[in-house]
Amino acid sequence: MQGGVSDLGGLRAGLEQLSAEVGGFDIVINNAAIYPAKPFEDFTIEEIQLVQRINVDAGIVCVQVALPHM
């Protein structure tokens with residue numbers, strides 16, 4: 001699987017493909033996270049959205065894809 005976890009559509013497709021190739025999943029470890037090293041008040045909305053997409057949304061996608069194949 002190639003790509004970053006911030007591309008939720010690509011992540012979903014890649015995990016579905018991986019599941020088909022390896023016959024499902026036994027475990028999911030959601031361990032991707034970012035936090036830009038600057039004060040919160042200096043974040044742009046785009047940075048906040050990226051943090052949310054990687055730290056929360058990507059983990060939800062991983063579990064949603066993996067669970068039916070466990």
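Predicted model: local features only at pLDDT ≥ 70, side-chain atom pairs only at ≥ 80, totals over all residues.
Visitor: Is I29 buried or exposed?

Guide: The relative accessible area of I29 is 66%, so the residue is exposed. I29 also contributes to a nonpolar surface patch of about 590 Å², together with I27, V28, V63, L67 and M70.

Visitor: How many aromatic pairs does a search of the whole structure find?

Guide: The search returns 2 aromatic pairs. In one of them, Y35 and F43 are tilted, at 5.4 Å centre to centre and with 50° between the planes.

Visitor: What describes a pair of aromatic rings in general?

Guide: Two quantities are used: the distance of the centres and the angle of the planes. For F40 and F43, the centres are 5.6 Å apart and the planes stand at 35°.

Visitor: Which residues do the ring pairs link into a cluster?

Guide: The cluster consists of Y35, F40 and F43.

Visitor: Which of these residues are buried and which are exposed?

Guide: Under 20% relative accessible area means buried, and over 50% means exposed. F43, at 11% relative accessibility, therefore counts as buried. Y35 is exposed at 56%, and F40 is exposed with a relative accessible area of 56%.

Visitor: Which residue lies over the face of F43?

Guide: K38 takes that position, at 5.9 Å from the ring centre of F43.

Note on methods: Residues numbered from 1 in each chain as written. Heavy atoms only, no water. Phe/Tyr/Trp six-rings, centres within 6.5 Å; stacked < 30°, edge-to-face > 60°. Buried < 20%, exposed > 50% of the residue type's maximum accessible area, 1.4 Å probe, protein only. Lys NZ or Arg CZ within 6 Å of the ring centre and 35° of its normal. Patch = residues over 30% accessible without salt bridge, like charges linked within 9 Å, V, L, I, M, F, W, Y side chains within 5 Å. Areas by Shrake-Rupley, 256 points an atom, 1.4 Å probe, with all protein chains shown as cover. Salt bridge = Lys/Arg side-chain N within 4 Å of Asp/Glu carboxyl O.
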